[in-house]
Amino acid sequence: MKAQFGLLIKTLAWTSMGLVILVSPNYAQTQEQNLATCKGSGNLVSIVKKTDEITIRAVNQKDNITWLNTAAQTESSDTGINYSNIRGEQTVNLFIPCSNQEFCEITIGDQPTELGQLITENMTETIICGTITYRERIALPPGAVIQVKLLDVSRQDVAAVEIASQTITTTGEQVPIAFALIYDPAQIQEQSTYVVRAEIYLDEQLSFTTTQMYPVLTKGHGNQVNLILNKVASSPQQLSGSKWLLEDLAGTGVVDNVQTTIEFGVDNRLGGNGGCNRYFTGYQLDGSNFTVGLIGSTQMICPPAVMNQEQKFFQALEKASNLRIEGPYLFIDIEGSDLPLKFTRLD
């Protein structure tokens with residue numbers, strides 16, 4: 001009887017605290033957001049977000065007792081994302097796969113894994129999984145920074161819109177390196193186009209980047225993607241005296257039989273043929289950072305399609321931000337565009 005009375009007092013005290021929280025003016029700031037709930041054979045494990053902290057919570061379904069409620073850490077793989085507790089007597093892992101987000105796995109200590117059902121009506125975020133690699137036989141030093149982004153590139157006349165991102169700082173890992181982007185499905189529109197882009201920075205310098213589109217989610221594409229990055233390798237010595245032909249204007253192609261070129265001269269001079277007019281300007285190259293000055297040109301008149309492409313080319317070139325040479329190709333990244341200018345080498 002005394003034990004029952006003690007339990008009642010604890011329950012009443014907990015209820016009173018709950019009432020105080022509900023009327024607190026700071027309640028909205030501490031409200032929890034349920035990210036995922038996995039219903040296993042014996043336990044119900046949830047991932048909740050409170051301000052910027054991710055919490056893992058385990059409830060024994062038999063007696064409805066919450067026996068774990070602590071901060072969680074996340075670990076990405078090419079097949080899904082794993083949440084585990086930072087504190088607690090037993091290690092609790094919740095794995096949510098990319099390939100089938102109806103199911104989930106709960107592992108508690110050394111007990112057999114519980115195959116569970118992911119309660120999707122409670123999901124406010126979902127996942128894109130994949131790996132990042134490159135072909136060069138170069139080891140990544142500890143401290144390399146990898147940035148992965150999910151971008152909306154539906155409109156070519158505006159900057160790509162960032163939907164989700166992940167930053168990975170290596171501690172000795174080598175490619176392929178797994179990533180997992182957690183995004184809000186409410187931001188995804190079926191008629192829109194989404195891509196995943198990645199970059200690797202060494203000593204704060206861009207060293208590897210994606211140079212092609214990796215579409216996901218809509219228009220028949222899934223939520224798993226493996227990215228192959230290309231090395232950023234450029235220097236003034238490689239550029240001086242070289243001449244390049246434009247093959248692609250930031251994803252819009254080029255007009256047939258129109259020769260748009262870029263030529264690198266001495267003393268950081270830049271020029272070429274815009275397709276109709278000769279142009280001239282200057283440039284600065286610091287590592288991979290590439291900037292172009294205001295462009296001057298001759299004033300010839302050509303067919304409208306050629307003039308339109310030339311104007312877009314000049315506008316894009318004046319917004320240049322990065323440059324890289326990859327074999328026979330030269331890529332110039334454009335500020336506000338997810339896709340670069342692409343050239344092939346002529347001289």
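What share of the contacts in the protein chain between residues at least 6 apart in sequence join residues at least 24 apart?

1. The share is 50%, where a contact means heavy atoms within 4.5 Å. The model is a predicted one, in which local features need pLDDT of at least 70 and side-chain atom pairs count only at pLDDT 80 or more, whereas totals for chains, interfaces and linings use all residues. Residues are numbered from 1 along each chain as its sequence is written, and side-chain values use heavy atoms, with hydrogens and water left out.

2. The protein chain holds four helices and 25 strands, taken as DSSP runs numbered from the N terminus (helices H or I, at least four residues; strands E, at least two). Of its 347 residues, 42% are buried, that is, under 20% relative accessible area with a 1.4 Å probe, protein chains only.

3. Strand β14 (residues 205-209) has four of its five residues buried, so the rest of the structure largely encloses it. β14 runs antiparallel to strand β13 (residues 194-202), to which four bridges join it, and antiparallel to strand β16 (residues 224-231), with which it pairs over two bridges; pairing requires that DSSP find at least two bridges between the strands.

4. In the hairpin of β13 and β14, two residues lie between the strands, and D203 takes a positive phi near 55 degrees.

5. T209 in β14 is the bridge partner of E199, and T209 also has N230 in β16 as a bridge partner. N230 counts as buried because its relative accessibility is 18%, and, leaving aside neighbours within four places in sequence, N230 is in contact with R135, S207, F208, T209, T211 and E326.

Notes:
Buried means under 20% relative accessible area, exposed over 50%, partly exposed in between (1.4 Å probe, protein chains only).
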